[in-house]
Amino acid sequence: MGLEQIPQVRRYLKGWPYRTCDATIGGIFMWRDYFSAEFAVEEDTLYFKTNYLDHETAFTPPLGPDRRLGYERIAAYCLEKGLPVRFCTVPVEELEILQEVFGKDRLDMHAERDWSDYLYNSADMACFAGRRFSGQRNNMHKFEKACPNWRFEIIQPENLAAARDFFLAYEGQYAKESDLAREEARKVLEVLEHYEAYGMLGGMLLGEDEVIGMSMGEIIADTLYVHIEKASRRYPGSYQMLVNQFAKAFVTPQVAYVNREEDVGDEGLRTSKLSYHPVALLDKYTVEIR
């Protein structure tokens, strides 16, 4: 899969009826190499084959006008190739369709808690109003005190280099050693180097002329997806300010939710994401047909 295929894939994403991050350009292309993703199009339906978490072959739900027929075609393909019929990143609401197609008794399914998406009300992220968010507001006040001349800028071609320089410095200081983290770092650089191809929305938090943090994401239907979120830890409250300012910049009246993606089992991330009071955890299932 190459970036030149983004427009071909993008046209199918608007038909996905759920708010999970796996059916977004960032979710697909930033992780295409990590999961060895391949895709095919047949009769106006998009199919993805991946090597999922256990490095076994699995298919994501088909993206097209008739997902029931799509599942049947995947099953026929697996039978022909001698592969197990296995699906991944299946939203809980989609299980009903799988039960209709294959029969409830044939489904062996389990949720991957580490890969559940955190979904928030967009107004909460843009305002941090009420007692629930007093901690976030207090941290933002700390940031304003430590960095009184801060500002937030939309990422554009003329300041992309500054965003890239910030991320390289961030990685030099805070890089994690897991394969997942290293792949994320590679793909963040790819997004910055091919920003127009990805079609991301982005913003940077600055103090004076120093970049302190950056976020990037995309909007599909009523949801703003946050794919990248990095901030310097030298300034208390930098993350809270970045979360808030990114939402303020890109939440429109049509955007009801913000998806800040998974915690991938990182306890620090889990604690942080829960502290923003998600309205839902979007569980995703791995399903094997017996």
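In what follows, Ala, Val, Leu, Ile, Met, Phe, Trp, Tyr, Cys and Pro count as nonpolar, Asp, Glu, Lys and Arg as charged, and the others, Gly among them, as polar. The model under discussion is a predicted one.

**The chain as a whole**

The protein chain has eleven helices and 13 strands. Its radius of gyration is 20 Å, close to the 19 Å that the globule rule gives for 290 residues, so the chain is as compact as a globular protein of that length. Taken along the principal axes, the box filled by the C-alpha atoms of the protein chain is roughly 65 × 40 × 35 Å. Of the 290 residues, 50% are buried, and the chain exposes about 13700 Å², of which carbon and sulfur atoms supply 49%. When contacts between residues at least 6 apart in sequence are considered, 71% of them join residues at least 24 apart.

**The cavity**

Rolling a probe the size of a water molecule over the atoms shows where empty space is left. How many cavities of 30 Å³ or more does a search of the whole structure find? The search finds one, and the volume of this largest cavity is about 40 Å³. Its lining consists of Met 125, Val 226, Glu 229, Val 243, Phe 246, Ala 247, Val 258 and Arg 260. Two or more of these lining residues come from each of β10 (223-231) and α10 (238-250), and α10 provides the largest share, with three residues. By class, six residues of the lining are nonpolar, none is polar and two are charged.

**The second largest pocket**

The second largest pocket, with a volume of about 230 Å³, is lined by Glu 38, Phe 39, Ala 40, Glu 42, Tyr 47, Phe 48, Lys 49, Phe 59, Arg 73, Ile 74 and Tyr 77. At least two residues of this lining are supplied by each of β1 (38-42), β2 (45-51) and α3 (67-81). Which of these elements gives the most to the lining of the second largest pocket? That element is β1, with four residues.

**Lining classes**

The table sets out the lining of each space by residue class.

Definitions and conventions. Residues numbered from 1 in each chain as written. Predicted model: local features only at pLDDT ≥ 70, side-chain atom pairs only at ≥ 80, totals over all residues. Heavy atoms only, no water. 1 Å grid on protein atoms, 1.4 Å probe; cavity = no way out; pocket = protein on both sides within 12 Å on 5 of 7 lines; lining within 4 Å. Points joined across faces, edges and corners; volume = space filled by probe spheres on them. Rg over C-alpha atoms; globule rule 2.2 N^0.38 Å. Buried < 20%, exposed > 50% of the residue type's maximum accessible area, 1.4 Å probe, protein only. Contact = heavy atoms within 4.5 Å. Areas by Shrake-Rupley, 256 points an atom, 1.4 Å probe, with all protein chains shown as cover.
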